Amino acid sequence: MSGRAGSRLNVDAVALFAAAATLICAAPALAVIGFALAPGEGARFGGPLLTNGALGTLGLTLAGGTGAIVLGAASAWLVSLCRFPGRGAFEWLLVIPLAAPSYVLAYAYSGLTWAGGPIAFPVRGFWGAAFIYAIGLYPYVYLAARAAFASQSACALEAARTLGAKPGALFFRVGLPLARPGLVAGGALALMEIAADYGAAQHFGLTTLSTAIFRAWYAHQSAHGALQIAAVLLIAALVFLVAERRARGRAGFADGGARWRTLPRYTLSPLAAAGAFVFCAGLIVLGAALPLGWLAYIAVEHTYAADITKAFFNSISLAGAGALATLVLAALIAVSARRGGAMGKFSLFAAGMGYAAPGAVLALGAFSMFGLMREFGWIGGVGVSLALVTLIWAYAARFTAAGAQPIDAGLARLSKGLDASARTLGAGPARRLWQVDLPIAAPSLAAALLILFVDILKELPATLIIRPFNFDTLAVIAYQYASDEQLELAAAPSLLIFAAGLAPILLLTRSIARGRAGSR
Amino acid sequence: MSSVTLSNVRRIYDGKPVVNEVSLTAPEAQVLALLGASGSGKSTLLRLIAGLESVDGGEIRLGDEIASTPKRTLPAEARRVGMVFQDYSLFPHLSAAANVAFGLEHLPRAEREAQALSWLDRIGLHARAHAFPHELSGGEQQRVALARALAPKPRAVLLDEPFSGLDPVLREELRQVTMDALAETRTTALFVTHDAEEALLVADRLAILKNGRLLQEAAPRDAYDKPASIDAAAALGPINTAEGRVENGAVATPFGAISARHLIEGAQARVAVRAEAVRLAPGRQARVIDVRPHGAHDLVRIEADGVVWRALAPARTVLGERVDVGLQPAGAFAFSAAG
């Protein structure tokens with residue numbers, strides 16, 4: 001609540017900047033819809049590419065999503081409510097598969113199980129992709145379900161135990177219903193990731209909406225057809241996003257900052273404890289240790305086979321620039337949302353839409369947008385710099401929400417009294433921002449920057465579509481080598497992406513460990 | 001220093017007035033205590049005076065300056081009104097000294113630091129100047145918050161339940177530190193509390209609030225001796241109430257008559273008797289049904305004709321004993337039931 005005089009100007013300035021940030025985030029998605037609706041040549045709406053793509057995406061989200069939800073819920077239940085050897089370590093180790101993008105897991109498993117690989121059971125085709133999604137994305141569900149089991153349901157679970165419920169009954173009758181909002185939220189994230197995935201589906205030769213966009217774009221040379229498929233995927237994602245928000249209702253998706261209560265746990269029988277151990281260890285081995293180990297082994301064996309230095313520096317500088325640009329937008333939107341008002345809330349939602357939209361969709365939007373601007377003569381040149389600006393714009397549209405979320409959470413921790421204190425001590429809006437808000441939010445800004453950097457580093461489809469000619473990043477060369485069936489050359493860049501992805505995961509697990517230490 | 005004057009101040013949340021036509025004055029260099037239960041609007045009143053919220057009616061003046069009207073709110077940062085928050089709200093990223101120096105931005109750095117240190121010295125925290133808030137105890141944080149609010153020499157300082165959440169011994173000590181600092185700097189202070197004893201102890205003036213309305217504003221002694229209403233009487237300690245008709249200038253209760261000469265003969269009246277004005281002596285009139293130790297006194301419940309009253313009795317009273325009851329006129333009040 002600000003004074004009606006004096007500070008109005010500043011409130012409006014923040015809202016104005018937030019509105020601009022929102023427009024930047026929303027523009028590529030709007031462009032996709034606009035261009036898709038515009039009359040033009042190209043693939044007929046509803047052509048076989050679209051139908052097959054929709055079926056493929058639907059099937060994969062069902063199969064992979066179900067797998068991720070089952071694995072995530074079961075593992076969360078085990079570490080939250082049961083006592084077995086290694087439980088404490090599994091609690092944070094189970095998050096690690098999140099570090100690897102699906103396409104990296106796909107490449108690793110191809111090398112492991114296809115021609116000449118050490119494992120004779122081939123991971124390929126539809127079920128191979130579903131396996132990759134389930135094993136790589138279950139941590140989303142695990143984190144949400146674990147938060148649900150550990151926090152709001154603790155009392156209900158204890159009550160059920162005093163009423164004599166056995167572990168199995170407790171899981172199905174109390175735990176699962178209570179964790180439902182968390183399962184919905186975590187499952188939704190996994191489903192969105194599956195729908196947005198391009199690299200793994202492409203590698204397994206599957207037709208999904210994401211791969212169909214590429215096929216229309218490159219093979220059929222039909223920009224308009226690609227845009228129409230992108231529009232369908234975008235609208236599906238948005239419908240899904242809104243449905244998910246509704247289903248989740250008021251039950252928030254617990255973030256890493258929540259404190260975990262130590263629950264009284266069931267002591268499992270030796271056989272059951274062994275089963276729980278094997279289950280959790282199996283998830284970590286299949287989701288991280290095995291693929292990571294293989295990539296490391298192959299990468300070391302082929303150290304000098306591929307020169308990845310240039311791609312490495314391209315990745316670092318592109319991800320750095322993209323993360324900084326996105327961070328500014330994310331901070332503006334988060335600050336504006338925190339100060340209240342309809343604009344801030346709308347900005348946060350609009351940024352969330354960008355996050356739900358697959359990278360390929362936003363890339364097409366940004367690309368077409370800049371193409372149109374060039375046609376109108378608003379901007380000149382073609383060159384490398386224009387493509388990079390377009391690419392960073394697409395990253396910002398996709399990832400602003402991912403950056404805004406931790407900043408928002410960091411700002412939420414500020415006592416409202418701090419702002420009031422600063423005001424009664426004579427500090428105007430600018431001084432409050434620089435000397436109070438920003439220094440206190442600095443850790444969450446740093447966390448947001450790290451998350452954005454790694455998300456952009458891992459990003460594949462948008463980078464593939466927009467990158468300037470001959471501008472290769474780690475993700476791009478991993479993809480190209482894998483496409484050329486040179487998996488041994490894809491290993492080193494894949495490994496680097498995996499390693500980079502570990503950084504924010506370790507940050508997350510650190511907050512889990514800290515929360516546990518502080519719990520009573 | 002300035003006086004703080006509120007005239008018919010209103011503040012409305014969701015169509016409901018949380019501060020309703022409140023008029024009062026905090027005289028220059030005096031301590032005004034705002035006493036009320038939670039929901040009485042006392043904290044909102046402070047936020048209005050600080051300029052953190054806008055008034056929906058009436059006006060607030062700081063000295064001669066009009067600070068708030070429904071049309072114009074002088075922003076908090078331009079008011080020079082200090083505030084000590086209930087949770088202290090120290091800046092977690094700044095040391096104790098830097099917290100105190102925050103409001104001294106207009107001074108050169110050396111002067112700023114010197115003043116901050118001198119303030120920490122004054123409140124006995126010189127040695128903790130470089131400690132961060134999380135390294136300070138609750139009492140130390142409270143002192144830093146006080147020094148931070150007073151350091152910029154505000155026109156008035158507002159204290160929102162500054163001692164709640166502290167243990168009684170520390171509370172007493174900090175109250176003394178705070179009152180000394182206020183007196184020494186001759187700062188006008190408005191002090192919110194729900195603790196009647198504390199309000200009586202620290203205030204030069206006392207304002208009693210209930211449901212957003214001002215029940216009474218008076219010197220503490222007057223508020224205690226001449227409550228304006230039953231509610232005002234109840235705000236300053238446990239009371240017993242009864243209703244009856246004024247007959248021969250008095251209202252009869254099961255425990256004795258109460259003088260009501262200022263009321264119209266035959267009118268319906270309500271009476272309030274402070275528990276400490278109920279005197280017990282061995283006798284027959286009433287029966288002791290409950291005895292609870294209450295410091296030097298016992299809080300005693302007595303019963304007669306099915307009516308139960310409370311008494312704060314100095315002597316040790318025996319449960320089940322029969323007593324005679326005397327009502328001290330100074331602690332017994334009659335009000336017209338019509339008003």
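**Helix 16 of chain A and its surroundings**

Guide: The buried residues of helix 16 of chain A pack against helix 17 (429-458) of chain A, and also against helix 1 and strand 6 of chain B. Contact here means that the C-beta atoms of two residues, placed from the backbone, lie within 7 Å. Helices (H or I, at least four residues) and strands (E, at least two) are DSSP runs, numbered from the N terminus. The model is predicted: local features need pLDDT of at least 70 and side-chain atom pairs count only at pLDDT 80 or more, while totals for chains, interfaces and linings use all residues. Residues are numbered from 1 along each chain as its sequence is written, and chains are lettered from A and ligands numbered from 1 in the order in which they are written.

Helix 16 of chain A spans residues 416-424 and is mostly covered, with seven of its nine residues buried. A residue is buried if 20 or more other C-beta atoms lie within 10 Å of its own, exposed if 12 or fewer, and partly exposed in between, with C-beta atoms placed from the backbone. The buried residues are Leu418(A), Asp419(A), Ala420(A), Ser421(A), Ala422(A), Arg423(A) and Thr424(A). After helix 16 of chain A comes Gly426(A), with a positive phi near 90°.

The contact between the chains takes 20 residues from chain A and 26 residues from chain B. On the side of chain B that touches chain A, strand 6 (residues 81-84) of chain B gives the most, with three residues. That side of chain B has 12 nonpolar, seven polar and seven charged residues. In this classification Ala, Val, Leu, Ile, Met, Phe, Trp, Tyr, Cys and Pro count as nonpolar, Asp, Glu, Lys and Arg as charged, and the others, Gly among them, as polar.

Chain B also holds an open sheet of four strands in the order 2-1-4-5, with antiparallel pairing; two strands pair if DSSP finds at least two bridges between them. Strand 2 (16-26) and strand 5 (65-68) of chain B stand at the edges with a single partner strand each, so one side of each is left without a neighbour in the sheet. From one strand to the next, the twist averages 30°. Helix 1 (residues 42-50) of chain B packs on this sheet, touching strand 1, strand 2, strand 4 (57-62) and strand 5 of chain B. Strand 1 (residues 4-13) of chain B is joined to strand 2 of chain B by seven bridges, and Val4(B) has Ala26(B) in strand 2 of chain B as its bridge partner.

Methods
Axes fitted to C-alpha atoms, helices over the stretch in contact; angles between N-to-C directions.
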